Amino acid sequence: MFGELRGLNEECGVFGIWGNENPAQLSYYGLHALQHRGQEGAGIVVKDGKQFRAVKGEGLVNDVFSEGKLEGLKGQAAIAHARYTTAGGGGIENVQPLLFRSSTGSLSIAHNGNLVNANHLKQHLERQGSIFNSTSDTEVLAHLIKKSTHPTFLSKVKNALSLLKGAFSILMLSEEGLIVARDQHGLRPLALGKLGDSWVVASETCAFDLIGAEFVRSVEPGELLVINDSGVKCDRFVEPANRAMCAMEYVYLARPDSEIGGINVHMARKRMGKTLAKECAHIEADVVTGVPDSSISAAIGFAEESGIPYELGLIKNRYVGRTFIQPTQELRERGVKMKLSPVRQVVQGKRVVMVDDSIVRGTTSRRIVKMLKEAGAAEVHVVISSPPMTDPCYYGIDTSSSEELIASSHSVEEIRDAIGADTVTFLSVEGMVESIGRQHEGPERGLCLACFTGKYPTEIFPDTILPHEKELLR
């Protein structure tokens with residue numbers, strides 16, 4: 001993806017399958033479908049009876065699972081993970097799924113999201129003698145399970161999960177089967193599907209489409225599923241709290257062909273574009289173009305509603321991988337041009353509406369506006385299919401401080417001046433919520449809008465253990 005959030009990074013993608021003779025191969029295809037959620041590392045852990053085997057590495061899915069790497073991964077079940085670095089940083093030790101072996105059995109964990117109380121729990125566990133092998137917040141869960149005094153493995157898991165705060169869609173492979181859990185607010189997506197007699201779980205439904213699986217339903221907030229040869233057993237580790245699916249899944253993070261909460265992402269983005277056109281009907285222009293790829297749906301909607309023709313004014317070079325940060329301004333500008341190019345014949349002499357999904361730091365928007373004007377655009381009107389991002393995200397997107405967000409300290413007019421556009425217009429919070437259309441009570445409609453409003457659905461960095469948690473930690 002190459003919207004303004006290319007300065008941000010997506011979260012992670014998880015995939016799991018139970019009861020199939022080719023779990024590693026299907027996991028490989030599932031990770032391909034989820035590659036947009038993480039490009040820094042990938043891994044697959046396969047269970048064959050009581051044996052757990054893993055292949056993981058840094059880089060893209062194709063790089064990690066080169067020819068022959070999957071041949072030794074035989075079994076009937078697997079979990080897989082495509083990683084973008086959030087909490088804990090990079091390094092092979094943080095590439096998931098994490099695999100733990102002990103005298104009582106093996107456990108593998110894959111996690112999408114970010115735990116806001118991970119450091120606090122880690123400090124508590126270290127005081128009790130735990131030694132951590134990685135800096136990933138996910139490893140905390142394994143230690144909580146192991147240290148639990150509850151009598152059964154599943155009761156230990158439920159106890160440990162109830163202590164976690166923040167965003168998590170978690171897959172665990174154990175002796176008990178494939179265990180699936182989603183945080184009580186449902187901040188991150190997680191879907192259950194069926195492939196013949198096999199059960200599959202994935203961050204997004206686009207992974208089901210690729211392998212030919214049928215979408216069954218979303219995993220509910222606070223729900224715990226145990227999948228094994230007996231089928232699917234539904235349970236809870238905590239009661240659901242105010243639902244708060246990340247709105248940025250619809251704006252940018254998810255693939256357009258995915259369904260989240262019964263809503264197709266492409267259609268939601270198209271509606272955002274239509275609403276945006278209504279909110280900035282004052283703009284007079286000759287052509288609408290979207291910043292590839294995540295902004296195309298909104299650009300199509302904007303063009304349809306406004307009556308201004310849509311054109312491919314910006315082309316993405318799909319054969320350019322990630323580029324290193326260049327040491328000079330001139331080389332940085334050239335790096336952007338390697339990835340994105342204006343179509344001079346489309347924009348020359350035209351008043352251009354440039355649709356993007358967000359403005360985060362503003363640096364990439366400034367470069368794209370400059371490219372369009374250098375290609376001859378008479379005017380560039382930047383319209384954004386989300387509200388200004390004024391507050392950091394603590395749930396898995398890499399904006400952990402307000403200093404990284406231009407809208408936290410600049411007015412819309414100051415942003416316009418900083419990026420060199422003729423006008424800048426953001427979609428209103430109300431317009432975005434209405435366009436997404438989730439059917440839940442309240443003004444947020446079951447969405448997390450924290451990065452736009454500063455209203456977080458959970459505690460942030462709690463620094464004390466509450467009385468009821470002391471009992472759970474014993």
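Start by selecting Cys246, which sits in strand β14 (residues 245–246); strands here are DSSP runs of E with at least two residues, and helices are runs of H or I with at least four, numbered from the N terminus. You are looking at a predicted model, where local features need pLDDT of at least 70, side-chain atom pairs count only at pLDDT 80 or more, and totals for chains, interfaces and linings use all residues. Residues are numbered from 1 along each chain as its sequence is written, and side-chain values use heavy atoms, leaving out hydrogens and water.

Next, show helix α4 (residues 139–147) with helix α5 (residues 153–162): they pack at about 130 degrees, with axes 8 Å apart. Axes are lines fitted to C-alpha atoms over the stretch in contact, and angles run from 0 to 180 degrees between N-to-C directions. Leu141, Leu144 and Ile145 of α4 meet Phe153, Lys156, Val157, Ala160 and Leu161 of α5, contact meaning heavy atoms within 4.5 Å. These residues divide into 7 nonpolar, no polar and 1 charged, with Ala, Val, Leu, Ile, Met, Phe, Trp, Tyr, Cys and Pro counted as nonpolar, Asp, Glu, Lys and Arg as charged, and the others, Gly among them, as polar.

Finish at helix α8 (residues 265–279) and helix α9 (residues 296–306), which pack at about 45 degrees with axes 6 Å apart. The contact of α8 with α9 has 5 nonpolar, 5 polar and 6 charged residues.
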